[in-house]
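Trainee: I'd like to walk through this structure with you, one topic at a time. Could we start with a word I keep meeting before we turn to any residues?

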Amino acid sequence: MKSFRFWVVAAMLAATALVLFARGNADVIPVSEPLPGVPRSIAGWSGTDVQIDQDTLKVLGAGNFLSRIYALNGQPQSIDLFVAYFPSQRTGVTIHSPKNCLPGAGWDFESSQYVDLKDANGHAHRVGEYVIANGENRRFVIYWYQAHGRSVAGEYLAKLYMVTDAMRMNRTDGALVRVTTPIDPKEDTLQAKARVEAFTAQLVPSLPRFIPD
């Protein structure tokens, strides 16, 4: 028997398709800067781009993507940034949820919660925080969906907003932002949490240049 979650998602996708069909074939696509322009230096962390392989790009679909590893002198652990921005989700190309992608890559969720994270300017952003594990490897993950000046932690709510924004503004653009750091066996999980939260707080104010409000 199909789960209630399955039918909720199916209903939302059907509603999305009907709304987008009714609104026509073209989205309003706002001007934005290319993702490689995301600052390479953030709070002392220096970033190096990582090339995404063609097989992964095919799975991700027709969007713009950034994969970058940040390092800090004297800090043995890195911070990984991944941004997937879709100028339009009208044609059926939608943002992939990490809750689906990570288990498929062998990662299990040890814990999960939604929190309000304050950025460097004092603005609160709703994000998901997770601890994931693959064998002895553990990582602390922050991710959220961002579109039109709004940050959303859950994929269902993000899709609901996409439908309403398609009706109000004829826009379906949006992004997934994911920030992760390894949890060293010798450190407490709270240390990894503090590290990635501090980085994210400095990152967020720069994002509207690349993910339009």
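Mentor: Let us settle the word "buried" before anything else: a residue is called buried when its relative accessible area is under 20%, and exposed when that value is over 50%. Please also keep in mind that this is a predicted model.

Trainee: Okay, so F65 and F86, are they buried or exposed?

Mentor: Both F65 and F86 are buried, and the two also form a ring pair that is edge-to-face, because their ring centres are 5.7 Å apart and their planes stand at 80 degrees.

Trainee: And which strands do those two lie in?

Mentor: F65 belongs to strand β3 and F86 to strand β4, so their pair ties together parts that are 21 residues apart in sequence.

Trainee: How many aromatic pairs are there in the whole structure?

Mentor: A search of the whole structure gives 6 aromatic pairs, and ring pairs also join F109, Y130, Y143 and Y145 into a cluster.

Trainee: Switching topic, how many residues does the largest nonpolar core have?

Mentor: The largest nonpolar core has 29 residues, and those with the most contacts inside it are Y70, L81, W144, V177, V179, F199 and L203. At least two residues of this core come from each of several elements, including β3, β4, β9 and α5. Apart from this core there lies another one, of 9 residues, among them W107, I132, V141 and A158.

Trainee: What is L81 in contact with, if I skip its neighbours within four places in sequence?

Mentor: With those neighbours left aside, the contacts of L81 include V38, L66, R68, Y70, V177 and L203.

Trainee: Last one: where is the place of D53, and what does its side chain reach?

Mentor: D53 sits in the loop between β2 and α2, and it is classed as partly exposed because its relative accessible area is 42%. The side chain of D53 reaches the backbone nitrogen of D55 at 3.2 Å and the backbone nitrogen of T56 at 2.8 Å.

How values were computed: Residues numbered from 1 in each chain as written. Predicted model: local features only at pLDDT ≥ 70, side-chain atom pairs only at ≥ 80, totals over all residues. Heavy atoms only, no water. Helix = DSSP H or I, 4+ residues; strand = E, 2+ residues; numbered from the N terminus. Buried < 20%, exposed > 50% of the residue type's maximum accessible area, 1.4 Å probe, protein only. Polar contact = N/O pair within 3.5 Å; in protein donor to acceptor, adjacent residues only side chain to side chain. Core = buried A, V, L, I, M, F, W, Y, C linked by side-chain atoms within 4.5 Å. Contact = heavy atoms within 4.5 Å. Phe/Tyr/Trp six-rings, centres within 6.5 Å; stacked < 30°, edge-to-face > 60°.
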